[in-house]
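Hi there,

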Amino acid sequence: DLANAVLEAAMKMARDAVREEDCLDKDWMTRGEALEAMLGATEQQQASNLRLLAVACRKQLEAEPPLVRVAVPAKVFGDIHGQFRDLLMLFQQFGFPFHCGGDIQTCSYVFNGDFVDRGEHQLEVVAILFALKAIYPAHVFLIRGNHEFRDMS
């Protein structure tokens with residue numbers, strides 16, 4: 001399944017990133033390797049797969065009420081701004097949201113908006129967040145920030 005493949009690729013990148021010399025997100029995987037690993041080798045495959053994730057995520061979001069209650073414990077992430085490597089490093093350090101070896105069944109994940117804008121890996125961030133929401137709709141919450149409005153980004 002596509003969403004699981006995206007998460008597995010992201011987990012591998014997270015494991016590899018902690019072994020590498022620290023660098024800024026803008027200097028990491030500068031040739032699209034992360035997007036290729038998660039969504040496919042060609043731009044057409046990547047666009048098609050991202051669209052599939054968006055549809056799956058939208059279906060889950062439309063089923064939620066406008067105000068959600070989040071079970072505790074919860075991990076809250078905010079202002080990712082396309083910093084995919086930083087997000088992976090946080091997951092690697094504090095637990096990856098996955099059912100095999102992760103803590104997704106015992107912990108909620110809240111992403112407080114501003115997923116995109118500024119960073120070099122905006123599509124990668126969107127891909128992993130959409131995959132997480134598609135797989136774990138009751139444990140992953142995507143709260144829209146100002147950068148998720150059409151007139152902002």
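Along the sequence, the protein runs α-α-α-β-α-β-α-β, which comprises five helices and three strands. Helices (H or I, at least four residues) and strands (E, at least two) are DSSP runs, numbered from the N terminus. The radius of gyration is 15 Å, close to the 15 Å from the globule rule for 153 residues, so the protein is as compact as a globular protein of that length. That radius is taken over C-alpha atoms, and the rule is 2.2 Å times the number of residues to the power 0.38.

Before you go further: this is a predicted model, in which local features need pLDDT of at least 70 and side-chain atom pairs count only at pLDDT 80 or more, while totals for chains, interfaces and linings use all residues. Residues are numbered from 1 along each chain as its sequence is written, and side-chain values use heavy atoms, with hydrogens and water left out.

On the overall picture, the C-alpha atoms fill a box of roughly 40 × 35 × 30 Å along the principal axes. Of the 153 residues, 41% count as buried (under 20% relative accessible area; exposed is over 50%, partly exposed in between; 1.4 Å probe, protein chains only). Taking contacts between residues at least 6 apart in sequence, 80% join residues at least 24 apart; a contact means heavy atoms within 4.5 Å.

Now to the aromatic rings. The structure holds eight aromatic pairs. Rings of Phe, Tyr and Trp (its six-membered ring) pair if their centres lie within 6.5 Å; planes under 30 degrees apart count as stacked, over 60 as edge-to-face and the rest as tilted. Phe-77 and Phe-91 have ring centres 5.5 Å apart and planes at 80°, so this pair is edge-to-face. Because Phe-77 sits in strand 1 (residues 74-78) and Phe-91 in helix 4 (residues 84-94), the pair ties together parts 14 residues apart in sequence. Phe-91 is buried, at 1% relative accessible area, and Phe-77 also counts as buried, at 10% relative accessibility.

Phe-77 has another partner: its ring centre and that of Phe-111 are 5.1 Å apart with planes at 15°, so they are stacked. Since Phe-77 lies in strand 1 and Phe-111 in strand 2 (residues 108-112), this pair ties together parts 34 residues apart in sequence. Phe-111 counts as buried, with 0% relative accessibility. Ring pairs link Phe-77, Phe-91, Phe-96, Tyr-109 and Phe-111 into a cluster.

Best wishes
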